[in-house]
Amino acid sequence: MTGTPQRIWKARAFLSLFLLFGLACPGMIRGAEELTVWSLGVEGKYLSGLCQRFEQANPGVTIHLQTIPWGAAHEKMVTGVVGRMTPDVCLMGTTWMAEFHAMNALEPLDGFLASSTIREEDFFPGTLDSNRIGGRWYGIPWYVDTRVIFY
């Protein structure tokens with residue numbers, strides 16, 4: 001993908017919103033009137049406008065978007081689980097998946113994904129492994145970056 005960093009983030013945000021709420025998981029929005037979405041970091045800045053466009057394209061659906069800084073995200077999520085005030089959809093660090101699964105805080109997505117456009121062969125195996133526990137999907141890979149130490 002080429003373009004400015006802002007354009008790249010917007011494209012990624014649009015793709016994720018489209019996949020999560022649109023064609024990929026139509027069962028997730030069918031009958032839903034309100035969706036609460038927690039976005040972490042800079043992604044929330046770009047999702048706001050996209051949520052408005054999604055609402056226009058899907059009359060009767062209201063998205064409540066809350067942007068949480070990465071530094072406060074883990075504590076906010078744990079507090080949400082303990083207080084039973086979690087979002088419908090959220091961005092989550094892959095290293096947190098096992099912990100939140102152990103707290104019974106993640107809903108398996110297998111039923112939603114069965115009739116979706118998402119296919120395993122579209123992802124790198126490592127990204128799938130970080131979103132599956134016990135053979136069940138608990139997350140959808142969004143994007144993956146590579147971090148390298150230069151010497």
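This is a predicted model: local features need pLDDT of at least 70, side-chain atom pairs count only at pLDDT 80 or more; totals for chains, interfaces and linings use all residues.

User: What makes arginine 136 and aspartate 110 a salt bridge?

Analyst: Their side chains meet at 3.3 Å, N to O. The cut-off is within 4 Å, from a side-chain nitrogen of Lys or Arg to a carboxyl oxygen of Asp or Glu. The pair therefore qualifies. Arginine 136 is in strand 5 (residues 136-137) and aspartate 110 in helix 6 (residues 110-113). They are 26 residues apart, so the pair links distant parts of the chain.

User: Why is arginine 136 called partly exposed?

Analyst: Its relative accessible area is 40%. Buried means under 20%, exposed means over 50%, and partly exposed is in between. So arginine 136 is partly exposed. Aspartate 110, at 24%, counts as partly exposed too.

User: How many salt bridges does a search of the whole structure find?

Analyst: Two. One of them joins the side chains of glutamate 120 and arginine 132, at 3.2 Å, N to O. That value is within 4 Å, so the label holds.

User: Why is the pair of glutamate 120 and arginine 132 said to tie parts together?

Analyst: Glutamate 120 lies in the loop between helix 6 and helix 7 (125-129). Arginine 132 is in strand 4 (residues 132-133). The parts so tied are 12 residues apart in sequence. Glutamate 120 has 37% relative accessibility and counts as partly exposed. Arginine 132, with 25%, is partly exposed as well.

User: What makes a set of residues a nonpolar core, and which residues have the most contacts inside the largest one?

Analyst: The members must be buried, of nonpolar types such as Leu, Met, Phe and Trp, and joined through side-chain atoms within 4.5 Å. The largest core has 13 residues. Leu40, Met77, Met92, Trp96, Phe100 and Leu106 have the most contacts inside it. Strand 1 (34-40), helix 4 (70-82) and helix 5 (97-102) each supply at least two residues of this core. Helix 4 gives the most, with three. Apart from this core lies another, of seven residues, including Val37, Cys51, Val61 and Val89.

User: Which residues is tryptophan 96 in contact with, beyond four places in sequence?

Analyst: Leu40, Trp70, Ala73, His74 and Met77.

User: How do you know that glutamine 52 counts as partly exposed?

Analyst: Its relative accessibility is 47%. Exposed needs over 50% and buried needs under 20%. Glutamine 52 therefore counts as partly exposed. This residue lies in helix 3 (residues 43-57). Its C-alpha atom is separated by 8.6 Å from that of threonine 62, 10 residues apart along the chain.

Key
Residues are numbered from 1 along each chain as its sequence is written. Side-chain values use heavy atoms; hydrogens and water are left out. Helices (H or I, at least four residues) and strands (E, at least two) are DSSP runs, numbered from the N terminus. Buried means under 20% relative accessible area, exposed over 50%, partly exposed in between (1.4 Å probe, protein chains only). Contact means heavy atoms within 4.5 Å.
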